[in-house]
Amino acid sequence: MTDMPDLDALRSEVRAFLHAEAPTNWRDASRTQDDFVATQRGWFAKLVKAGYAIPHWPAQFPGGGRGLAEQKVIYEELAKADCPRLLLSFVSTYHAFATLHECASAEQQAEYLPRILEGETWCQGFSEPGAGSDLAAIKTRATREMRDGREVYVVSGQKVWSTMAQFAQKCLLLVRTSSDGPKQAGITYLLMDMDAPGVSVRPIHQIQGDEEFAEIFLDNVEIPVTRRVGEEGKGWAVAQATLASERGLTLMELSYRMRGALGRVAALIRAHGHEEDRGVLRDFGALVTQVDAVCAIADQFLDNRIKGIERMGDASIVKNSYSRALRAYAKLGLRLGGMTEQYVAPITFGDLNTGNWMADFMNSYAWTIAGGSEEVQRNIIAERMLDMPREPKSWVA
């Protein structure tokens, strides 16, 4: 029988580390993108050294080999301490890790995994202007050729909505190597150097002032065949390993962070003299209840996963509950702040609950789309959990 981990001891250990090392002024130190990147890299390096950055990795890596219950404790404490979220390294430690660990060769794992812990940043080159929800419709083309005595894929095309690609050194890239048969059958999975000749990146300026996403343009980029993951034409199966990376912990962490940020709304109530305004207090009470409910739903989701009783669609319930609560949080803050909060103000890169209410309000709407739109999540809940009739594939608006 496997010994149960001492979660209370782990929680005390993490709290002691955070009491000594957690950055206290990271929002002020993340007002420009360069400062944001420096803050992220520094905090990630500290967590790697302490053994809290990659608890979901295997035990041979520092801090790895922890069960889901232990991971939950670590992320709870990071959220409660209001530490920076590891946004810059998220694709590296989850998507790149899952792909390499499950599908890559031993040589590829030995080459890339240690470099992630040294701070090498990955991005994801999946979506295209005409292939978002229908990812199998990608058109970025790769042909296999011999150049200068090397067997390479020569890639041309465009990717979009690639998170923080402007800061990345490596890219998880889906390309089309064949148009024969089903769309999924002609997709190949490659690992690309972002500084390779022919690669150019253009950040996408978002409505709230951030540049979290970027476009990637590929013009006859040469990628060695040795950088392919899996077999040629079998990249769709590899991509499923990437997309199935852990999301439950992220939603739990975000929910706890929003609960901690409720103090900013309370501060607005006091600052604008609404302490006796029953309408405002009613709305604030409703928001607190909604956020508490999201935290409870996220907790239950992870507990069910730990017990092995997770149902198909549970993650969709958490996702929709969180995105709706985030929108309600930002909307109330913007309303209470009045005209003052609608002026241009510095944003904090890499945070959803910044206290810049106009930026937070606009960003909250993105979360009804990111990670699977609210409508798609509702379909999953209806079809997979409630056994309602599936949406006809031939349906046209």
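Here are a few notes on the aromatic contacts in this structure.

1. Ground rules: this is a predicted model, where local features need pLDDT of at least 70 and side-chain atom pairs count only at pLDDT 80 or more, while totals for chains, interfaces and linings use all residues. Residues are numbered from 1 along each chain as its sequence is written, and side-chain values use heavy atoms, with hydrogens and water left out.

2. There are 11 aromatic pairs in the structure (rings of Phe, Tyr and Trp, the last by its six-membered ring, with centres within 6.5 Å; planes under 30 degrees apart are stacked, over 60 edge-to-face, the rest tilted). One of them joins Tyr-112 and Trp-122 edge-to-face, at 5.3 Å centre to centre and 80° between the planes. The two residues are 10 apart, with Tyr-112 in helix H5 (106-117) and Trp-122 in strand S1 (122-125) (helices, H or I, of at least four residues and strands, E, of at least two are DSSP runs, numbered from the N terminus).

3. Tyr-112 is buried at 0% relative accessibility, and Trp-122 is buried at 1% (buried is under 20% relative accessible area, exposed over 50%, partly exposed in between; 1.4 Å probe, protein chains only).

4. Then have a look at Tyr-329 and Trp-357: the ring centres are 5.1 Å apart and the planes sit at 55°, so this pair is tilted. Tyr-329 belongs to helix H9 (314-337) and Trp-357 to helix H10 (357-366), so the contact ties together parts 28 residues apart in sequence. Tyr-329 is buried at 0%, and Trp-357 is buried at 2%.

5. Phe-17, Trp-43 and Tyr-52 make up one aromatic cluster.
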